[in-house]
Amino acid sequence: MQKGKRKQLILKTKLALLNKGVHTIRAHFDGGGDDGSIHEIEYLDPNGNYISDYKGCEPFIRTDDIEELAYHFFENYVNRIGDWVNNEGGWGSIDIQLSNLSYIINYNQRTYEEYDDAGTLLNNI
């Protein structure tokens, strides 16, 4: 999606969801082994409570559009912190505050560490 269309979609999404009482979009992601995906998208009210009736915004806002915006954030913001899809990957969530279009990333990187040691048993007893 081109930058201009993405910006237009963000503004349209903001208005439609705020009108339904949604103040935060939270997208959970997980990746590793050269693959990653969104596991869940939550819509939250100002108190952080889950809102299940955001679908009244369709056809103005499609779930596919929300996912595409979330993937854009993962590729352009989460990847600045760590590589969430390659090797051991990572997991976390991103919260998008609709009122001011700010975001908070909660990211966890998986690591693989390997240690070798050598010696004689009699010296380590």
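The model is predicted, so local features need pLDDT of at least 70 and side-chain atom pairs count only at pLDDT 80 or more, while totals for chains, interfaces and linings use all residues. Residues are numbered from 1 along each chain as its sequence is written, and side-chain values use heavy atoms, without hydrogens and water.

**Helix pair**
- The axes of helix α1 (residues 3–19) and helix α2 (residues 63–81) come within 11 Å and cross at roughly 120°.
- In α1, Arg 6, Leu 9, Ile 10, Thr 13 and Leu 17 meet Asp 65, Ile 66, Leu 69 and His 72 of α2 (heavy atoms within 4.5 Å).
- By class, this contact of α1 with α2 has five nonpolar, two polar and two charged residues.

**Largest pocket**
- The largest pocket has a volume of about 350 Å³ (a pocket is an open set of points on a 1 Å grid where a 1.4 Å probe fits, with protein on both sides within 12 Å along at least five of seven lines).
- Its lining has 18 residues, of which Arg 6, Ile 10, Leu 69, His 72 and Phe 73 are the closest to the centre (lining residues have an atom within 4 Å of a point).
- The elements giving two or more residues to this lining are α1, β1 (24–32) and α2.

Note on methods
Axes fitted to C-alpha atoms, helices over the stretch in contact; angles between N-to-C directions. Helix = DSSP H or I, 4+ residues; strand = E, 2+ residues; numbered from the N terminus. Nonpolar A, V, L, I, M, F, W, Y, C, P; charged D, E, K, R; others polar. Points joined across faces, edges and corners; volume = space filled by probe spheres on them.
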